[in-house]
Structure formats: C-alpha cells, structure tokens
Amino acid sequence: MTDGAVAFGAAVSAAYLLGSVPTAYLLVRSIRGVDIRTLGSGNVGATNAGRALGRWGFVSTLLGDIAKGAVAILLAQRIAPDGAAVWAAVPSVIVGHVWPITLRFRGGKGVGPGIGALLVADPVLLAIGVAVFVALFGTSRRYQLSGLSSIVVLPFVAMALRSSRVELLGVALTVGLVLVAHQDDLREGFAARTRR
C-alpha cells in the first residue's frame with residue numbers, strides 16, 4: 001500500500017470518527033441527564049436539541065456540528081492535501097454524523113457537519129447554497145423545503161462553477177446522503193401534498 005493510499009484512508013477514517021461525535025446527545029445528556037433519542041423526534045441533531053433545551057440548545061448543537069465538519073476537512077487537508085482525499089472526507093463526516101458508531105449507527109441528518117465541511121472545502125459553493133436558501137425561505141416561509149432545495153442545487157452549482165470531477169462526485173455524494181437522512185421528512189411532505 002502506498003503512502004498516498006494510507007493518507008487517503010486516514011483522512012476518510014478521521015472524518016468518519018469526527019462525524020460520529022454526537023454533539024446533541026452529549027449536550028442533552030450533560031444538561032438534562034437523558035438520552036435525546038427518547039425525546040421529541042428522537043433525532044440526534046440540532047432541531048431536536050432545540051426542543052429539549054431551547055434555542056441555545058439548537059444553536060450550541062448546530063455550532064458544534066459545524067465545527068466537527070470543518071475540523072474534519074482541515075484535518076484531511078493536513079493528512080492528505082490532494083483533492084480526492086478532501087472530497088472523500090466531506091461525505092465521510094456526513095456518514096459519521098448520520099450513522100455514528102458511537103450511538104449504534106443512529107444519529108442526526110447531516111446538515112450541520114455538511115455546512116462545516118463545505119465552509120472549509122469550498123466556501124463559495126456554500127455561500128451560493130445559503131443564498132438560495134435565503135431566497136427560497138424569503139418567498140415560501142417553508143424552512144425544510146427551502147433547506148432541502150438549497151442542498152439539491154449544489155451539484156448543479158458546482159458544475160456551473162466548473163468544479164473538478166472529484167469535487168462534483170464529493171458534492172453529489174454529500175447531497176445524496178443528506179437526502180437519504182431526510183427521507184422520512186420527504187415522504188411526509190409528499191404525503192401531505194397529495195392529501196390536499
């Protein structure tokens with residue numbers, strides 16, 4: 001095995017393990033002494049932490065999740081600075097958050113660490129995604145629809161920016177993983193629209 005392959009594997013593994021740090025679980029457990037998976041939606045993410053602890057719980061969890069995504073990519077850049085390792089680490093930190101080994105593979109939905117990862121890997125792409133979200137939310141006032149729509153457009157934005165094939169693949173995998181994590185929400189939203 002070459003040094004490059006070892007570095008690639010180390011970067012991806014480190015990203016997964018960082019993603020597996022359950023910010024919301026640790027915060028709610030330390031403050032309320034309960035398992036967040038038994039509260040609200042049962043999700044291990046910022047929204048459910050907000051239900052359990054209030055607005056500061058949401059903000060604290062989101063910032064923690066963004067931080068672990070950013071650190072994962074900074075570490076990947078240090079371990080293996082080639083684009084392939086960095087863009088493999090982006091979806092890897094999402095996988096760790098959604099399916100964390102620390103909580104028997106039951107985690108959050110990947111948005112927080114995804115924001116942090118893109119903040120380091122491609123801040124321009126992230127800024128455009130945020131602008132799309134703000135524009136959609138400003139007109140629809142539908143938080144989840146606006147958020148998921150702004151995520152879905154990212155691969156197309158990356159193509160418009162003439163990103164490398166490696167980045168396009170990493171972005172596409174990241175978007176796919178976030179959509180899989182939100183599949184129940186998507187089904188509920190579709191069902192609600194068909195009932196109208």
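Which residues in α1 meet which residues in α5? The views below take this contact and a second one in turn.

The model is predicted: local features need pLDDT of at least 70, side-chain atom pairs count only at pLDDT 80 or more, and totals for chains, interfaces and linings use all residues. Residues are numbered from 1 along each chain as its sequence is written, and side-chain values use heavy atoms, without hydrogens and water.

**View 1. The residues joining α1 and α5.** From α1, F8, A11, V12, A15, Y16 and G19 meet A84, A85, A88, A89, S92, V93, V95, G96 and H97 of α5 (contact: heavy atoms within 4.5 Å). By class, this contact has 11 nonpolar, 4 polar and no charged residues. Gly counts as polar here.

**View 2. The geometry of α1 and α5.** Helix α1 spans residues 3–19 and helix α5 residues 83–98 (helices are DSSP runs of H or I, at least four residues). They pack at an angle of about 25 degrees, axes 7 Å apart (axes are fitted to C-alpha atoms over the stretch in contact; angles run from 0 to 180 degrees between N-to-C directions). α1 is therefore roughly parallel to α5 (angles under 35 degrees; 65 to 115 is roughly perpendicular, over 145 roughly antiparallel, the rest oblique).

**View 3. The packing of α4 and α6.** Helix α4 (residues 55–79) packs on helix α6 (residues 111–121) at about 40 degrees, with axes 6 Å apart. So α4 is oblique to α6.

**View 4. The residues joining α4 and α6.** L62, D65, I66, K68, G69, A70, I73, L74 and Q77 of α4 meet G112, P113, I115, G116, A117, V120 and A121 of α6. These residues divide into 10 nonpolar, 4 polar and 2 charged.

Technical notes: Helix = DSSP H or I, 4+ residues; strand = E, 2+ residues; numbered from the N terminus.
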